[in-house]
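I opened this notebook to record what I looked up on helices, sheets and their packing. The entries follow the order in which I made them.

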Amino acid sequence: MKRLLLLGLLCLFSLTAQAHKPSDSYLNFIVEGKTINGQWDIALRDLDFALGLDANGDAAITWGEVKAKQLDIDAYAMARLNLQSDGQSCPATVTDHLVDDHTDGAYVVLRFQAQCAQPIKLLQTRYGLFFDIDPQHKGLLQLQYQGVSTTAIFSPEKATQQFSLTTPSRVTQFVDYAREGVWHIWIGYDHILFLLALLLPAVVIRQRKQWQAVDAFKPAFWSVLKIVTAFTLAHSITLTLATLGVISLPSRWVESIIAASVVIAALNNIYPLFRERRWMMAFVFGLIHGFGFATVLSDLGLPKSALALALVGFNVGVEAGQLAIVAAFLPVAFYLRHTMLYRKIILLGGSALIALLAAGWLAERAFNLKFLPF
């Protein structure tokens, strides 16, 4: 049993980590009668992986290299987007090409137009971009019809969806945003490692310059509750402010400080500075993590009518994903707290590995470098 529990904990530390921002593309449909005017923003880094845009291998994709592959990009993307109205195909043609900057880098912008045989009442959309090479990829859709906006998230499990061009279901939209919030926290490894670094000492107490196991579950539970509450409150505040456009910070600064927060939280387990005041660290750095969460919603380009729904649903999803991690961690950590395995290898050794990995992220994000293979 101990070996299985240890394996589960070590798997958390040996995840193949990746940059904070997951792979997404952004679709916008404006439906008018029989016509769909569309825009599709696709990350250059993803297209480079699929099509090899970087011809000279210098890790810098130029506009010339994009233009040289323009026809290949059009064919690759449009073959993975199928539009139908009431079961009849709506052929799409690319009409323009642009390059735009998002919070996580440069994107190719494909503008296209699709024509259906009859005025559209029920639109069926099949999305398959990058699913064969990246099962974590998501397609984020905003559909506009007669002043009403509908949003959807395409994934390998929900590659085909249909939209009735009437008033969208608020419940469906809420569930979609909540699901995206859960997904975002689970694949946001810097958020997970920050939270774990704060939680690892919850089942021990510092005495005579050593970590000793707590005697009962209650103090461990209250320690975790204070940390999670402080982190939740802090990132909810800044997620709201950033999504509503009240405060905006440069993405590079935000991502760099998030990486620094992971380093500090992990090193605090080796050389304690905050001791039992880790909830303060959770609150202060949680304010910055909230800006990181907000990048997902801001990149959606949501209309004002959908902002409140998206904000609440996404935040509920983030909290649900976070609580699932805590619920899995705390019983296992409490069970192992008396062992040297936990106090030496998992707590101290795990914290050192977290600090080392986050230091690599910090260097990459602060100085715009790329030397980690993830």
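**Entry 1**

Helices here are DSSP runs of H or I with at least four residues, strands are runs of E with at least two, and both are numbered from the N terminus. Helix α11 covers residues 340–367, 28 residues in total, and reaches 38 Å from its first C-alpha to its last, close to the 40 Å expected at 1.5 Å a residue. The expected span is 1.5 Å times one less than the number of residues.

I noted the basis of these values: this is a predicted model, in which local features need pLDDT of at least 70 and side-chain atom pairs count only at pLDDT 80 or more, while totals for chains, interfaces and linings use all residues. Residues are numbered from 1 along each chain as its sequence is written, and side-chain values use heavy atoms, with hydrogens and water left out.

**Entry 2: α6 against α8**

I then asked at what angle α6 and α8 pack. Helix α6 (residues 189–199) meets helix α8 (residues 251–270) at about 25 degrees, with the axes 8 Å apart. Axes are lines fitted to C-alpha atoms, for helices over the stretch in contact, and angles run from 0 to 180 degrees between N-to-C directions. The two helices are therefore roughly parallel to each other (angles under 35 degrees count as such). I listed the contact residues (heavy atoms within 4.5 Å): α6 contributes Asp-190, His-191, Leu-193, Phe-194, Ala-197 and Leu-198, and α8 contributes residues including Ile-258, Val-262 and Ala-266.

**Entry 3: the six-stranded sheet**

I traced an open sheet of 6 strands in the order β5-β6-β2-β1-β8-β9, with mixed pairing. Two strands pair if DSSP finds at least two bridges between them. At the edges I found β5 (92–102) and β9 (148–154), each pairing on one side only. Strands β5 and β6 (residues 105–115) run antiparallel and are joined by 10 bridges; Thr-93 has Gln-113 as its bridge partner in β6. Helix α2 (residues 44–51) lies across β1 (24–32), β2 (35–43) and β6, at about 80 degrees to β2.

**Entry 4: the four-stranded sheet**

I followed an open sheet of 4 strands, ordered β4-β3-β7-β10, with antiparallel pairing. Strands β4 (88–89) and β10 (160–164) each have a single partner strand, so one side of each is left without a neighbour in the sheet. Between β3 (residues 81–85) and β7 (residues 122–127) I recorded 5 bridges in the antiparallel sense, and Ser-85 has Leu-123 of β7 as its bridge partner.

Methods: Parallel < 35°, antiparallel > 145°, perpendicular 65-115°, else oblique.
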